[in-house]
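Hi,

Here is the structure I promised to pass on to you.

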Amino acid sequence: MAGRIPKNFIDDLISRTDIVDVIDSRVKLRKKGKDYRACCPFHNGSNNSSFSVSSDKQFYHCFNCGVSGNVVSFLMDYDGIEFVDAVEVLAEQLSIEVPREESGHSQPATSYVDRKDLYQLMADITRFYQQQLRTHKHSKKVIDYLKSRGLSGETTKHFQIGYAPDGWDEVRKKFAINKQLEQQLIDAGMLISKDSGGSYDRFRDRLMFPILDRRGRVIGFGGRVFDDTTPKYLNSPETPIFHKGKELYGLYQVKQHEKDVKRILVVEGYMDVVALGQFDIHYAVASLGTATTPDHIQLLFRQTSEVICCFDGDSAGRTAAWRALENALPSIQDGRTLRFMFLPDGEDPDSLVQKEGKAFFEKLVDQAMPLSDFLYQHLLTQVDMRSADSKSKLAQLAIPLLTKLPDSVFRQMMETRLISLLGIEKEGLKKLLPAPTKLEKRPTSKKITPMRLAISLLLQNPQMAYQLDEIPEFKEMQIPGLTLLNSLLEICRDTPHLSTGLLLEHWREQPQEKQLIALATWNNQVQEDKYEQVFFDILDNFLSLHLTQRIEFLKQKSRQGEILTTEETVQLAQLLKEQKQH
């Protein structure tokens, strides 16, 4: 079984990847001086220059929320993936395969190895379900059902739809050829363990909708019955590779169809997404049997600037829409639009587009209600605006919602609208409304010590130590932080063209990681053209300190009546000579 990814491969991969290109493909950057700037994608601030990306350092940093890292860290945080997945994304972009070291029995397999096997199993099961759709004895029933729903073979293939046979152990017989694979199938949610031992298939006699992650890998399934049996939809459980509160059905297909996604329509069911795709509406996604979560909202706004949430027009649909609105408020920044579309009674996107066609359906999408209208419309149904007491109640309902909004022009507009509804002056609202929460800038200065300054300078310009001679005296000295500085120097002296981002990668998940990241972004109050001079002056001072300490040690030994060895006598004479020259 394959093991860990070699460290030198990760270093080479980071060296060959330009962090500016990777981030710019997800967050639009603009040039400012020698660096690039943007509004930080990791917090809801309104400062569109707080997020800085350095091409020289291959490093990003937000001056407000303090988030920092290299290209791997960015992919992990922005795409919501784990370390090895981020490495694979970078490798795919360079069209190179990720090697792995052989792991012996004494070394436990990483969780990633397990996940890799799960991805492969899920891909194999997807093909099995697709094959069953064509060849199973019940395939005519399934195909007739798909035709009755207006789906073509092309659409069925595009969404990789298949059929789970009606037996209790079809997947188990096909794939659980040993105990290890059986356990992996249980881990993947495809089999259910029996109390008495053994297992059985989770999905039986259902139309199967593969759920893909953002890299197009199958991570779970949604299974739909063909009749009124309950549950109508059965979803994969939470697994090591599937977290339904963070995934959206159809998002991969949306991005494959259009790289620059103008808008995304969020619907409730898999069949809604597929039916809309049949009518060339390729910007629909579905939540996976859950309410629209804050993670969903963040994910959507990373793909597009306009999100439309589609719900039934009944009370249950409006309740679900209100939950989505509340979850979305902290993510609403200037330039982001959230709207709400309510369907006629008894209709869902599938039935409506089948009945009325694409043009009619998209006209309803275009007419979707803005967040501001839905919010105040919903609140006004709970108050009688003819009385002062009711206006006070409106303020009590609205103010907690407005405080969730980041400081922005949109928030100011929402406050202005509330002022108009309440019939009060702006100053009156200010007394009721807490000041918008702002992230305080992190301190730009720390107590300056020679060691902290040396490490900061080296992190921010690691190339200045390339081919620097070893300093054996540093291994003899007892100065706090010198062991860490030595470790940094060992990497820097042997690695040409080393960037800040690559140097920090060597300390990922190490105890010193946070400290080093802080020093890499620290305003050390040294001009860049003076970095080398100040850095080497500090090293010289450390050597002078070592010289003084060693001389004092030998003199003290002699003063206490101990006889110096011949070697120590020669060393003392040499050190005194060096001290005089220095």
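Before the first finding, one definition: two strands pair if DSSP finds at least two bridges between them. Please keep in mind that this is a predicted model.

Strand β3 (residues 51-54) and strand β4 (residues 59-62) are joined by four bridges in the antiparallel sense, and phenylalanine 51 stands opposite cysteine 62 in β4. Both strands belong to an open, antiparallel sheet of five, ordered β1-β2-β3-β4-β5. Its edges are β1 (30-32) and β5 (68-69), each of which pairs on one side only. Phenylalanine 51 turns up again in an aromatic cluster with Phe42, Tyr60, Phe74 and Tyr78.

On to the rings: the whole structure holds 25 aromatic pairs. One of them is edge-to-face, between phenylalanine 203 and phenylalanine 221, with 6.4 Å from centre to centre and 65 degrees between the planes. Phenylalanine 203 sits in the loop between β8 (199-201) and β9 (206-212) and phenylalanine 221 in strand β10 (residues 218-224), so this pair ties together parts 18 residues apart in sequence. Phenylalanine 203 is buried at 1% relative accessibility, and phenylalanine 221 is buried at 0%.

Phenylalanine 342 and phenylalanine 374 form a tilted pair, at 5.4 Å and 55 degrees. Because phenylalanine 342 is in strand β16 (residues 337-343) and phenylalanine 374 in helix α16 (residues 371-380), the pair links parts 32 residues apart in sequence.

Arginine 318 lies over the face of phenylalanine 342, 4.0 Å from the ring centre, while the charged end of arginine 204 sits over the ring of tryptophan 168, 3.8 Å from its centre.

Best wishes

Note on methods:
Residues numbered from 1 in each chain as written. Predicted model: local features only at pLDDT ≥ 70, side-chain atom pairs only at ≥ 80, totals over all residues. Heavy atoms only, no water. Helix = DSSP H or I, 4+ residues; strand = E, 2+ residues; numbered from the N terminus. Phe/Tyr/Trp six-rings, centres within 6.5 Å; stacked < 30°, edge-to-face > 60°. Buried < 20%, exposed > 50% of the residue type's maximum accessible area, 1.4 Å probe, protein only. Lys NZ or Arg CZ within 6 Å of the ring centre and 35° of its normal.
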